[in-house]
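Reader: I have a structure open and would like to go through it. Can we start with the helices and then look at the ligand?

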Amino acid sequence: MSFRARMTLLYTSLVGGILLLFGVVIYQLISNTLIDQVDDILAQTAQEIVDNTQVNALGELVIPASPNLDLATNVYIQVWSRDRVLRSISANIRSLEQPLDINNLNAVQPVFDDSIIGNAHLRVFSVPLTISSRSIGTLQVAASLALVDATQKQLLTTMIIGVVISMTIAGLAVSITTYRSLAPLGSVTETALQITRADDLSRRIPYRGPADDEIGQLILAFNQTLSRLENLFNTQRRFVADVGHELRTPLTVIKGNATLLRRMGCADDEALDSIENEVDRLTRMVSDLLLLAQAESGKLSLDIRCVELDELLLEVLKQTKVLTQGRIKCSLGDFDQVQVCGDRDRLKQVLLNLVGNAIKYTPNGGEIVVGLGKMNDQAQLTVTDNGPGIPEEELPHIFERFYRTEKARTRSRDGKGYGLGLSIAYWITRNHGGHIDVESKIGEGTTFTVWLPVKTNGCEQSPEMFNE
Ligand code: ADP
């Protein structure tokens, strides 16, 4: 059964049940009140008759004639002697010879009961008449229940119609509301099925309702999940393509050189060097992948100590100058003395990756400036170049695994890049409780800023800080 049908059934039954319960209580209350009113009249009448009834010297009943009694006109009276002889009867039932209530003709105590005579539904009060505790007859006073029955019938009809109408309205209201509220879920299901069938993660669920209601929130979350999945899927696809590409070149070189060596039948230094270089490249890639996997999962083992960032930066600058061999100008910008808690080798790796990129993407004659400062208890390491810059639309992706800009794919000069450098830098920094910012302008250059918490006390490793 569908959710909509279940909700409709539940609410309709609930409304029906409540109204029915309420109806039964009202019906019972009104019925009891009406019957009580009739019983009061009967009891009063009976009392009046009993008060006026006498016994003569022979021990016989002397009953006042009915008209002498101040009786309600719709009250019927019979007085029966002990030997079941009708001794008196009210004028309005003169022709009736049978007892008003045959079951209680010998009642030993006053009793109210219902009785049917012909088509008439009567309420009968039977009162035993006694003299000195001796029973001498029975007085039966009755009134018609036609009015009570009619009222009850009317009440019942009104209630049944009311309950049916209320249940129908409740059912329709719930059904329409549920249909309207759940209609967007239909598109969620449809889109999910389309994605599965067409293997197309670029689809999103359209929703025109308010974004802050439950369904809007669900669809927003679902669409965000789809975007994330699409990103991951694309990254994964790129990963396979990139790894395939990265592996093919060194493997081809190794294979070519191995074949050459076999043909030559002797060791050739150039071929062996080439094989060694390619194996080094493959080894580097595999270690980078392992390092990244550890850093991403927060399982990177860090040797936390006090690190003098100024010393570290000067060391990196010296290495950079060696690497660029004057091809690119390397200089020191703002400089301060800052200490942080961290793993010196890993932090050096972050800087080397950023400076390495600057060298890789800045053309000959360009300039790289590194700097160190402090702002609000945060160390600020900067690496600026005046290279080609990164397109704005690519900036949000450059820290993703295996992400390489289109330009980098086709132009990387040394063939060393495979889109892991920035991911590794990002995750190492995160593992140190910091983060990396990037600013770039096409044609003007790029600045990477690494923010790290400045050392305040000792350098005991705090899990909150390093295992984000
Ligand atoms: P790669 O091995 O391709 O350098 P990275 O993860 O280090 O991988 O960098 C990701 C991408 O970011 C690079 O492919 C490049 O397009 C871009 N990038 C990084 N640093 C710079 C820079 N200094 N100037 C221009 N582009 C850069």
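Predicted model: local features only at pLDDT ≥ 70, side-chain atom pairs only at ≥ 80, totals over all residues.

Reader: Okay, α1 and α2. At what angle do they pack?

Author: Helix α1, residues 3-52, packs against helix α2, residues 146-198, at about 160°. Their axes are 8 Å apart.

Reader: What does that make α1 relative to α2?

Author: Roughly antiparallel. The cut-off for that word is an angle over 145 degrees, so about 160° qualifies. The crossing of α1 past α2 is right-handed.

Reader: And what kinds of residues make up the contact of α1 with α2?

Author: The contact divides into 22 nonpolar, twelve polar and one charged.

Reader: Next pair, α3 and α4. How far apart are their axes?

Author: The axes of α3 (residues 214-264) and α4 (residues 269-296) are 9 Å apart, and the angle is about 155°. These two helices are therefore roughly antiparallel to each other.

Reader: Is the crossing of α3 and α4 left-handed or right-handed?

Author: Left-handed.

Reader: Which residues meet there?

Author: From α3, they include Phe 239, Val 243, Leu 247, Pro 250 and Ile 254. On the α4 side, Leu 272, Ile 275, Val 279, Leu 282 and Met 285 are among them. Glu 246 of α3 and Arg 281 of α4 also belong to this contact. By class, the contact of α3 with α4 has 17 nonpolar, two polar and three charged residues.

Reader: What about α5 and α6? At what angle do they pack?

Author: Helix α5, residues 309-324, and helix α6, residues 344-361, pack at about 40°, with axes 10 Å apart. That makes α5 oblique to α6. Helix α5 passes α6 in a right-handed crossing.

Reader: Which residues make that contact?

Author: Among them are Leu 312, Leu 313, Val 316 and Leu 323 of α5, with Leu 347, Leu 351, Leu 352 and Val 355 of α6. The residues of this contact divide into ten nonpolar, three polar and four charged.

Reader: Changing topic: the ligand. Which residues come nearest?

Author: There are 19 residues around the ligand, and Asn 357, Tyr 361, Asp 385, Arg 404 and Thr 405 come nearest.

Reader: How far is Tyr 361 from an oxygen atom of the ligand?

Author: An N or O atom in the side chain of Tyr 361 is 2.7 Å from an oxygen atom of the ligand.

Reader: And which backbone atoms lie by a ligand oxygen?

Author: Gly 419 has a backbone N or O atom 3.0 Å from an oxygen atom of the ligand. For Leu 422, a polar backbone atom is 2.9 Å from a ligand oxygen.

Conventions
Residues numbered from 1 in each chain as written. Heavy atoms only, no water. Axes fitted to C-alpha atoms, helices over the stretch in contact; angles between N-to-C directions. Helix = DSSP H or I, 4+ residues; strand = E, 2+ residues; numbered from the N terminus. Parallel < 35°, antiparallel > 145°, perpendicular 65-115°, else oblique. Left-handed = near helix turned anticlockwise from the far one by under 90°. Contact = heavy atoms within 4.5 Å. Nonpolar A, V, L, I, M, F, W, Y, C, P; charged D, E, K, R; others polar. Near = heavy atom within 4 Å. Polar contact = N/O pair within 3.5 Å; in protein donor to acceptor, adjacent residues only side chain to side chain.
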